[in-house]
Amino acid sequence: MLRSAIARSRPLMAPRYDVAPFMVKWWKARVPNDGQITRTLSPYEQQAIMPWLRSFPKRFYDKFTGSFLYWGGAGAVVIGTAVASDAADAAEDFSHRF
């Protein structure tokens, strides 16, 4: 009788594998949280994107007008260089034609 009780409890005493055996070393340092929820979205943050969407047009306009001289000037220099180099190339081709 004692032998049958021990035989039935042997699987219960065996080590449990909550993860695959090859991942035991990886997961052995994990601290169980006992049901504690660690990642939630607060009820006060349910519309976390809406304030940004509402203020986006004004922020875009402010940033656009504030930095237009820098990127607009750089664009003008690039386009001017391309136009001047095309004109110089065309003039060189015209002067070396047969």
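## Reading exposure

A residue is called buried under 20% relative accessible area, exposed over 50%, and partly exposed in between. With a relative accessible area of 42%, Trp 71 is therefore partly exposed. Please keep in mind that this is a predicted model.

Trp 71 sits in helix 3, which runs over residues 50–95.

## The nonpolar patch

Which residues make the nonpolar surface patch? They are Ile 49, Met 50, Trp 52, Leu 53, Phe 56, Phe 60, Phe 64, Phe 68, Leu 69 and Trp 71, and the patch they make covers about 1000 Å². Phe 64, one of these residues, is partly exposed because its relative accessibility is 35%.

## Aromatic rings

Now for the rings themselves. How many aromatic pairs does the structure hold? There are six. Among them is the pair of Phe 60 and Phe 64, which is stacked, with 6.1 Å from centre to centre and 20 degrees between the planes. Both of these residues belong to helix 3, where they are four residues apart, or about one turn of the helix. Phe 64 also pairs with Trp 71: the ring centres are 5.3 Å apart and the planes stand at 55 degrees, so this pair is tilted.

Taking a step back, one aromatic cluster is formed by Trp 52, Phe 56, Phe 60, Phe 64, Phe 68 and Trp 71.

## A salt bridge within helix 3

Charged side chains deserve a look too. Searching the whole structure turns up one salt bridge. In it, the side chain of Asp 62 meets that of Lys 58, at 2.9 Å from N to O. Both partners lie in helix 3, four residues apart, about one turn of the helix.

Lys 58 has a relative accessible area of 56%, so Lys 58 is exposed. Asp 62 counts as partly exposed because its relative accessibility is 38%.

## The negative patch

Which residues form the negative surface patch? Asp 86, Asp 89, Glu 92 and Asp 93 do. Of these, Asp 89 is found in helix 3, and its relative accessibility of 41% is why Asp 89 counts as partly exposed.

How values were computed:
Residues are numbered from 1 along each chain as its sequence is written. This is a predicted model: local features need pLDDT of at least 70, side-chain atom pairs count only at pLDDT 80 or more; totals for chains, interfaces and linings use all residues. Side-chain values use heavy atoms; hydrogens and water are left out. Patches are made of residues with over 30% relative accessible area and no salt bridge: like charges are joined within 9 Å, nonpolar side chains (Val, Leu, Ile, Met, Phe, Trp, Tyr) within 5 Å. Accessible areas come from the Shrake-Rupley method with a 1.4 Å probe; for residues, only the protein chains shown count as cover. A salt bridge is a side-chain nitrogen of Lys or Arg within 4 Å of a carboxyl oxygen of Asp or Glu. Helices (H or I, at least four residues) and strands (E, at least two) are DSSP runs, numbered from the N terminus. Buried means under 20% relative accessible area, exposed over 50%, partly exposed in between (1.4 Å probe, protein chains only). Lys and Arg count as positive and Asp and Glu as negative; His and the chain ends are not counted. The place of a charge is taken as NZ of Lys, CZ of Arg, CG of Asp or CD of Glu. Rings of Phe, Tyr and Trp (its six-membered ring) pair if their centres lie within 6.5 Å; planes under 30 degrees apart count as stacked, over 60 as edge-to-face and the rest as tilted.
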